[in-house]
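Student: I have this one open on my screen and would like to go through it with you. Could you take me through it piece by piece?

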Amino acid sequence: MTGHPTSERPQPLIVGAGPAGIRAAEALVAAGLRPLVVDEAPACGGQIYRQRLAPDGRSSRDLYGSEAAKAETLHRDFAALDGKLDYWPQALLWNLRDGRADIMIEGTSRQVAYDGLLLATGATDRTLPLPGWTLPGVFTLGGAQIALKSQGCAIGSKVVFLGSGPLLYLVAWQYMKAGAKVAAVLDTAPFAAKFNLLRGLPLFPGIVLRGMRMTAELKLAGIALHYGVGDVRIEGASKVEAIAWRQDGLEHRLTCDGIGYGLALRSETQLADLAGCRFAFNARDRAVLPERDAAGRTSVPGVYLAGDGAGIAGADAAERAGERVALALLQDRGLPHDAARAAALEAELARISRFREVLEAAFPFPAHWVRDIADATTLCRCEEITAGEVRAAINRFGVHELNRLKAVSRVGMGRCQGRICAAAAAELLAHEAGRGIEAVGRLRSQAPVKPVPLTLALTAQQEAAE
Ligand SMILES: Cc1cc2nc3c(=O)[nH]c(=O)nc-3n(C[C@H](O)[C@H](O)[C@H](O)COP(=O)(O)OP(=O)(O)OC[C@H]3O[C@@H](n4cnc5c(N)ncnc54)[C@H](O)[C@@H]3O)c2cc1C
């Protein structure tokens, strides 16, 4: 399936071979188009259905648990498209300009013209800085899961999971099932918030009950579940040695050598920005996201969005959104498309969106944490800027917009381009400036959207100038 596009004419370009990208590709192929699918990962599946790096004796059930059948189906369906599309794995799309994409593949950068751009770039973990969060042994929840899924290893011999969101319990449960020692799960939300899940029962009873079962199994295994934790500190001289927190006015401390930490997810939106899409604030995700209609069309003709990269909705929604957006692309080209199927997909997406509201209430983002971030805590890891330095810059220059904060403090100017720190910087800025999070804006995206070798970027620029 790999190789370079055979077609002389520009193809529809799909970025991301996760649930959204795969279902989009499938629908385009079914309509007789030949898309080019690129993904920086070595194999298809995206985040949730990530494949192991090499066969290691684990079954799909071991890897994906209750989602094993979905994972196998998605992998199989993508393999069945072999010969009908072009697929470049390990291909990072790092820039978009003038209707062309710069793609890093096999150590070189290729410029690809496309006819229709479908962005299915997914999400990454969202965090807020904590004392000790930069110590070796602290991983994001997603990172902890990747270690387990891809390499079959745990992040420590005694692991604590901390944060908010369904992934918190899921990853803890996956570690427990894999035989790792899970010392505790620290949930930032109070236990009472979980009653909101009952509102989700009529919408998706299977998911709610599965979540309850996982929590019960964690408890039965003797793993302590703590709710409403705050004032968290990770301790250690040169690596994680313990975690301390406050709960119901009492101090707690637990020794451990690995911590998985995350406060739900944030969308990967840089490519939509480089494509010129209009953005708007989304209150549920507490983020400025590319605008799209119910089908996935952006404000830029020929540019489409699907999956978590356009707002967090989960893997089932990503599959449906991928198919829906492909139907939109066909419709926009005047090609036959199944309008009834499109309507059914939109109805299902609306139902999932209502369920997302429930999850948000059950696993709320601890926005109040931001006022307690100690001045000495590192906020921007790339540029090594502390929360105190950011606060000082905000107050000294009277900053109330995120790009201005970047200019005066260098927050978000490093290798990650704000992908790790921007959400936290926005929260801190909103708090310090006394504004709502919706009023501080978003960092403008710059190429390369992810780190690439300097020589490669220069060569690409020279080629473009010639
Ligand atoms: C680390 C992590 C772990 C998760 N684990 C679970 C889980 O266990 N269970 C669950 O229900 N949900 C999980 N989620 C959420 C779930 O993965 C998503 O809801 C779902 O995968 C969304 O599908 P998607 O197709 O939108 O994006 P993804 O599955 O994230 O796929 C996006 C793909 O785009 C590729 N990509 C992104 N940018 C570029 C680029 N510039 N160039 C080339 N390729 C690019 C990525 O490599 C990725 O393969 C997880 C999310 C994360 C971030």
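Student: Let's begin with Leu117: which residue stands opposite it in E19?
Tutor: Leu117 stands opposite Val303 in E19, where strands are DSSP runs of E with at least two residues, helices are runs of H or I with at least four, and both are numbered from the N terminus. Three bridges join E6 to strand E19, residues 303-305, and the two run parallel; two strands count as paired if DSSP finds at least two bridges between them.

Student: Before we go on, what sort of model is this?
Tutor: It is a predicted model, in which local features need pLDDT of at least 70 and side-chain atom pairs count only at pLDDT 80 or more, while totals for chains, interfaces and linings use all residues. Residues are numbered from 1 along each chain as its sequence is written, and side-chain values use heavy atoms, with hydrogens and water left out.

Student: Back to E6, then: how many bridges does it make with E1?
Tutor: Strand E1 (residues 11-15) pairs with E6 (residues 108-119) in the parallel sense over four bridges, and Leu13 stands opposite Leu117 there. Strand E5, residues 100-105, is joined to E6 by six bridges and runs antiparallel to it, with Arg110 as the bridge partner of Ile103.

Student: And what is going on with Glu106?
Tutor: Glu106 belongs to the hairpin of E5 and E6, which has two residues between the strands, and its phi is positive, near 50°.

Student: New topic: what is the strand order in the open sheet of five strands?
Tutor: The order is E8-E15-E9-E10-E11, with parallel pairing. The edge strands, each pairing on one side only, are E8 (138-140) and E11 (224-226), and the twist averages 20° from one strand to the next. Angles here run from 0 to 180 degrees between N-to-C directions, with axes fitted to C-alpha atoms, for helices over the stretch in contact.

Student: Which strands does H4 lie across?
Tutor: Helix H4 (residues 141-151) lies across E8, E9 and E15, running at about 95° to E8, and contact in this sense means heavy atoms within 4.5 Å. Helix H5 (residues 166-177) lies across E9 and E10, at about 175° to E10.

Student: Now the ligand: which residues come nearest?
Tutor: Of the 32 residues around the ligand, Ala20, Asp39, Leu93, Gln145 and Asp308 come nearest, a residue being counted when one of its heavy atoms lies within 4 Å.

Student: How much of the ligand does the protein bury?
Tutor: Taken alone the ligand exposes 970 Å², and the protein buries 91% of that, with accessible areas from the Shrake-Rupley method and a 1.4 Å probe.

Student: Last one: why is one side of E12 left without a neighbour in the sheet?
Tutor: The open sheet of three strands has the order E12-E13-E14, with antiparallel pairing. E12 (230-235) and E14 (250-255) stand at its edges with a single partner strand each, so one side of each has no neighbour in the sheet.
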